[in-house]
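Student: I would like to learn how to read a protein model feature by feature. Could we take the general idea each time and then turn to the case at hand?

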Amino acid sequence: MNIEGKVWAFGQDIDTDAIIPARYLSTSDPEELAKHCMEDADPDFPRKVQRGDIVVAGKNFGCGSSREHAPIAIKAAGIGCVVARSFARIFYRNAINIGLPILECPDIMAQDGDVLSVDLGTGVIVNKTTNKEYQAAAFPGFMQEIMELGGLTSFIKQRIEQGSK
């Protein structure tokens, strides 16, 4: 699975409150959450982000609370992929569970507006703006399938259906 999009760059230790502020947690509606995604980190983000854009961040992206609202807001905002130097473990697992493609790449370098091409199958990331290539750890096939199917629930449903045939 390949994803290509414009970069939205964020720094280190972006916590779940920056991803989706606590004042919006009274809803679990993905579309409503998307309207407020990253607004405390970048007030223009919810209005300017386009479907397929890519978030690039430093270390410890998604730290803080274990709320699933954070990856849901990112996915609903249309982000095609998140690439970070590292992720908070609970965010990492929540992202996979809902089918949000994420890759850890310790040496990733990108700025707002750069264009990245991400191959989830191989972990190869190409910054088309700077012509630099990076290698992230690729996901095993079953995890790629979870993301392609839109999350763990869809993956399990498919496995159950295949087992009943």
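Student: Which residues form one aromatic cluster?

Tutor: Bear in mind that this is a predicted model. Rings are taken as a pair when their centres lie within 6.5 Å, and in this structure Phe 61, Phe 87, Phe 91, Tyr 92 and Phe 139 form one aromatic cluster. A search of the whole structure finds 7 aromatic pairs.

Student: How should I read the geometry of a pair, and what is the case for Trp 8 and Phe 45?

Tutor: One reads the distance between the centres together with the angle between the planes, and planes over 60 degrees apart count as edge-to-face. Trp 8 and Phe 45 are such an edge-to-face pair, with 5.0 Å from centre to centre and 80 degrees between the planes. Since Trp 8 belongs to strand β1 (residues 2-9) and Phe 45 to helix α3 (residues 45-48), the pair ties together parts that are 37 residues apart in sequence. Both partners are buried, Trp 8 with a relative accessible area of 7% and Phe 45 with one of 1%.

Tutor: Compare the rings of Tyr 92 and Phe 139, whose centres are 6.1 Å apart and whose planes make an angle of 40 degrees, so that this pair is tilted. It links distant parts of the chain, with Tyr 92 in helix α5 (residues 89-98) and Phe 139 in the loop between β7 and α6 (141-148), 47 residues apart. Tyr 92 and Phe 139 are both buried.

Student: Which residue lies over the face of Tyr 92?

Tutor: Arg 89 lies there, at 4.6 Å from the ring centre.

Student: How many bridges join β6 to β5, and how many join β6 to β7?

Tutor: Strand β5 (residues 115-119) runs antiparallel to β6 and is joined to it by 3 bridges, with Ser 117 opposite Val 126. On the way from β5 to β6 the chain makes a hairpin with 4 residues between the strands, and Gly 123 in the turn has a positive phi of about 80 degrees. Strand β7 (residues 132-135) is also antiparallel to β6, with 4 bridges joining them, and Ile 125 stands opposite Tyr 134 of β7. The hairpin of β6 and β7 likewise has 4 residues between its strands, and Asn 131 takes a positive phi near 60 degrees there.

Student: What does the overall fold come to in helices and strands, and how compact is the protein?

Tutor: The secondary structure comes to 7 helices and 7 strands. The radius of gyration is 15 Å, close to the 15 Å that the globule rule gives for 165 residues, so the protein is as compact as a globular protein of that length. Buried residues make up 47% of the 165 residues.

Key:
Residues are numbered from 1 along each chain as its sequence is written. This is a predicted model: local features need pLDDT of at least 70, side-chain atom pairs count only at pLDDT 80 or more; totals for chains, interfaces and linings use all residues. Side-chain values use heavy atoms; hydrogens and water are left out. Two strands pair if DSSP finds at least two bridges between them. Helices (H or I, at least four residues) and strands (E, at least two) are DSSP runs, numbered from the N terminus. Rings of Phe, Tyr and Trp (its six-membered ring) pair if their centres lie within 6.5 Å; planes under 30 degrees apart count as stacked, over 60 as edge-to-face and the rest as tilted. Buried means under 20% relative accessible area, exposed over 50%, partly exposed in between (1.4 Å probe, protein chains only). A charge sits over a ring if NZ of Lys or CZ of Arg is within 6 Å of the ring centre and within 35 degrees of the ring normal. The radius of gyration is taken over C-alpha atoms; the globule rule is 2.2 Å times the number of residues to the power 0.38.
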